[in-house]
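Here are my notes for you, point by point. Please keep the model open as you read.

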Amino acid sequence: MKVGKAIFERRSVRFFNERQIDTSILREILIAGIYAPSAGNLQPWEFYCYCQPDSVDRIRSVSPGIIGKPKAIVVACVNEKKIKEQKLEKWASNAIIDVSMACQNMMLKAFELGVGSCPVTSFENDTLAKALALPSYVKPLILIALGYYDKLPQTPPRDESVIHIETRSCDKPSQEQAKIPEDAINFATEILGFLVTSAKINTREPPSYAIMRLLEAASKICEYLASSYPERRDISESIKNELDTASSLYFIGDDNYISHLEKALEQYLHLLSS
Ligand SMILES: Cc1cc2nc3c(=O)[nH]c(=O)nc-3n(C[C@H](O)[C@H](O)[C@H](O)COP(=O)(O)O)c2cc1C
């Protein structure tokens, strides 16, 4: 099946027939899930697939969002232990995205295999986790109801006005055609050397130094912009000041460095629109 066909023709199926789903088919669906992208390839997920009628009924009893009687249910979970072990708590929102992407993969694969699916978030997360005796570090995020169907539902309407594609002017010279001044090439070469050597020596430095090197590189870029583009001098210098302050605060472990990065980003937005 072409990917496009699966994308456009998959529907949320809520009414299923009596045909059982073979374990090998369930496995194919779940394998498609784990081939989804995940931030940093952390794969911060666990997938539990239930197909015994009493397990399915148990899940349905705490999941009002499951309409109809699926033959199997995937409980797609975030593995919080994995996130904590890697000290990636600040990254935790990525896990929700990762699990969601895996679920979409599974639903598309199910459609290819003739199995209907419906994502469900209307369920009582904590009660479900307890009812299934899931490990405490596993948090159910989405259920996927699965089953064969007699008829696919109609396609609910989609609103194309949410798509915003930047228009391109044919008159504008493309980047390849624009002439790059020599000092820009020299500068790019210098910054390249700085960044690559920073990455190399970071293998024998504290990992936190990497942020200082990035700030230093950004500061050098501001210096270059200030000296090469007079109309951008003030704003480039002001971004540089914020970056240098952030760097010195970061060095002494002062969390206020973030507020200077925020100010630098605000000014950067002005630079973009100037
Ligand atoms: C995050 C999420 C949660 C959903 N929860 C439910 C649910 O609890 N019960 C249900 O019947 N459908 C649920 N759906 C299915 C949507 O109603 C469905 O995707 C939408 O109406 C579009 O229809 P389609 O999937 O056939 O294109 C959910 C979908 C998503 C993405």
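1. Ala133 belongs to the loop between helix 6 (125–131) and strand 4. Its phi is near 55 degrees, a positive value in a residue other than glycine.

2. A word on the source: this is a predicted model, where local features need pLDDT of at least 70, side-chain atom pairs count only at pLDDT 80 or more, and totals for chains, interfaces and linings use all residues. Residues are numbered from 1 along each chain as its sequence is written.

3. Please look at Gln43 too, in the loop between helix 2 and strand 1. Helices are DSSP runs of H or I with at least four residues, strands are runs of E with at least two, and both are numbered from the N terminus. Phi of Gln43 is near 50 degrees, again positive in a residue other than glycine. Gln43 is partly exposed because 17 other C-beta atoms lie within 10 Å.

4. Val62 sits in the loop between helix 3 (53–61) and strand 2 (72–79). Its 17 C-beta neighbours inside 10 Å are why Val62 counts as partly exposed. Setting aside residues up to four places away in sequence, Val62 touches Phe123, Glu124, Thr127, Leu128 and Ala131; contact means C-beta atoms, placed from the backbone, within 7 Å.

5. Which residues have the most contacts inside the largest nonpolar core? They are Ile73, Val74, Ala76, Met106, Leu143, Ile144 and Leu146, in a core of 37 residues. Such a core is a set of buried Ala, Val, Leu, Ile, Met, Phe, Trp, Tyr and Cys residues joined through C-beta atoms within 7 Å. Helix 5 gives the most to this core, with 9 residues. Beyond its neighbours within four places in sequence, Val74 is in contact with Leu30, Phe47, Cys49, Met106, Leu143, Ile144 and Leu146.

6. Finally, the ligand: the residues around it are Arg11, Ser12, Arg14, Gly65, Ile67, Cys118, Pro119, Val120, Thr121, Ser122 and Pro156, a residue being near if its C-beta atom, placed from the backbone, lies within 6 Å of the molecule.

Methods. A residue is buried if 20 or more other C-beta atoms lie within 10 Å of its own, exposed if 12 or fewer, and partly exposed in between; C-beta atoms are placed from the backbone. Two residues are in contact if their C-beta atoms, placed from the backbone, lie within 7 Å.
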